[in-house]
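Could you walk me through this structure step by step? I would like to learn how to read its features.

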Amino acid sequence: MSSNKKIPFGALGHAIRDSIAQLCSRPIYVLMMLVVPIFATFFFLDFMNEGLPLKSPSAIVDLDNSPISRKVSRSLAATELIDVKYQPQSYDDAMRLLKGGEIYGFFMIPRNFQRDAEAGRSTTITFYSNMAYYVPGTLSYKGFKTIAVSTSGAVVSTTLQSVGLRSETINTLLQPVVTDIHPIGNPWSNYSIYLSNSFLPCLLQLIIFQITAFSILQEIKRGTSIRWIQDAGGSIWTACMGKLIPQYVIFVVVGLAMQGMMYGFWHFPLNGSVWGMVVAMMLLVAASQAFALFITCLIPNLRFALSVLSLTGILSFSIAGFSFPVENIYPAIGIFAYILPIRHYFLIYINVALNGFEMYYCHWEYVALLLFLIPPMAMLWKLKRISLNPVYVP
């Protein structure tokens, strides 16, 4: 009588074999658990290999066609952010290219630019960026602004030299304070180092959510949940452990492969302990499975559970602090970041990989990932009740 309350190893082995057979029975498991995350890792890392998409297609409208304006054009073409593909002859032509999507911005030098600059008269350089396309629009804006500022400095320098000031005095007037910047953690200002280490684990979390709920609730949908529980010796604990252990092993291997590609082949900074990130990935997989199991117990309906987990996984990209600091998010929304496993993994990454902290100094984040294992234990009774009386609601 008491054997049903324990975890019989024979029943656990049988449950694990059933889980492996389930994973091998449909190509969707192999596709989602192996192909999608590995392909996404290669694609994203290769796409962001330069750290930032460069050479935004742009144009320059030179209405002055003077030696100074041609020098500005050459400087603009030499920047790493701008690819000057067109040189239209008027504002209207450039605007048609911009509205047609052929360029993301254009730089316009007015008529009499050199004459007005040398005479000390005010002159205006204008640039336009299409911010509907945020990344290329931002790149073109940054490149245009840099050239505009440097051109303005050159014009002022020429004017001051014409009135007899020395170069040393002019340099002091133009740049009285020289800044010395030392970025910490990511001295290359490489966007991929930040984005890849947040986007890819979050994608893995989303896949874990889906596979965990799908593999369990498929039993209820197909009416095989009674046999699933019976084959596990009547224990819902054994049934869930047998179901999730093979998935855990596969996801951990995939997660460590992601880390290997980022820190090994792409040489992302890992200033702290390698084991700190390995343990973080193992706990992220376990916490993500536990979160999905908890939602599955609360909502034992395949369609509803997958919808909730999909929404939660997608929102993780926004509210977990990747794109906007959680501290500055409206508190009623920001609090939800801490009920997501990926938030704590992200904080471990920042502290261990970038800042080089020892594991001890961010141990509470590891503890938080472990705490995700507790809530589903209190709800397994509900999953067992539904599994023994399966009623599929489409």
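Q: What should I know before I start?
A: This is a predicted model, in which local features need pLDDT of at least 70 and side-chain atom pairs count only at pLDDT 80 or more, while totals for chains, interfaces and linings use all residues. Residues are numbered from 1 along each chain as its sequence is written, and side-chain values use heavy atoms, leaving out hydrogens and water.

Q: How many helices and strands does the protein chain have?
A: Helices (H or I, at least four residues) and strands (E, at least two) are DSSP runs, numbered from the N terminus. Here the protein chain has 16 helices and four strands.

Q: What share of the protein chain counts as buried?
A: Buried means under 20% relative accessible area, exposed means over 50%, and partly exposed lies in between, using a 1.4 Å probe and protein chains only. Of the 394 residues in this chain, 45% are buried.

Q: In what order do the strands form the sheet?
A: Two strands pair if DSSP finds at least two bridges between them. The four strands here make an open sheet, ordered β2-β1-β3-β4, with mixed pairing. At its edges are β2 (82–86) and β4 (126–129), each pairing on one side only.

Q: Which strands does β1 pair with, and in what sense?
A: Strand β1 (residues 56–62) runs parallel to β3 (residues 105–109), joined by four bridges. Valine 61, for example, has methionine 108 in β3 as its bridge partner. With β2, β1 also pairs in the parallel sense, over four bridges, and there serine 56 is partnered with isoleucine 82. Six of the seven residues of β1 are buried.

Q: Which helix lies across the strands?
A: For angles, axes are lines fitted to C-alpha atoms, for helices over the stretch in contact (heavy atoms within 4.5 Å). The angles run from 0 to 180 degrees between N-to-C directions. Helix α4 (residues 91–99) lies across β1, β2, β3 and β4, at about 170° to β3.

Q: Is leucine 204 buried or exposed?
A: Leucine 204 is buried, because its relative accessible area is 1%. This residue sits in helix α8 (residues 191–222). Leaving aside residues up to four places away in sequence, leucine 204 touches Phe251, Val254, Gly255, Met258 and Met281. Valine 36 is 168 residues from leucine 204 in sequence, yet 9.3 Å away in space, C-alpha to C-alpha.

Q: Is aspartate 116 buried or exposed?
A: Aspartate 116 is also buried, since its relative accessible area is 15%. Aspartate 116 belongs to helix α5 (residues 113–118). With residues up to four places away in sequence not counted, aspartate 116 touches Arg111, Arg121, Ser122 and Thr123.

Q: How much space lies in the second largest pocket?
A: Rolling a probe the size of a water molecule over the atoms shows where empty space is left. In this structure, the second largest pocket holds about 390 Å³. A pocket is an open set of points on a 1 Å grid over the protein atoms alone, where a 1.4 Å probe fits, with protein on both sides within 12 Å along at least five of seven lines; lining residues have an atom within 4 Å of a point. The volume is the space filled by probe spheres set on the points, which are joined across faces, edges and corners.

Q: Which residues of the lining are closest to the centre of this second largest pocket?
A: Of the 14 lining residues, the closest are Met241, Leu244, Ala290, Leu293 and Leu373. Helix α10 gives the largest share of the lining, six residues.
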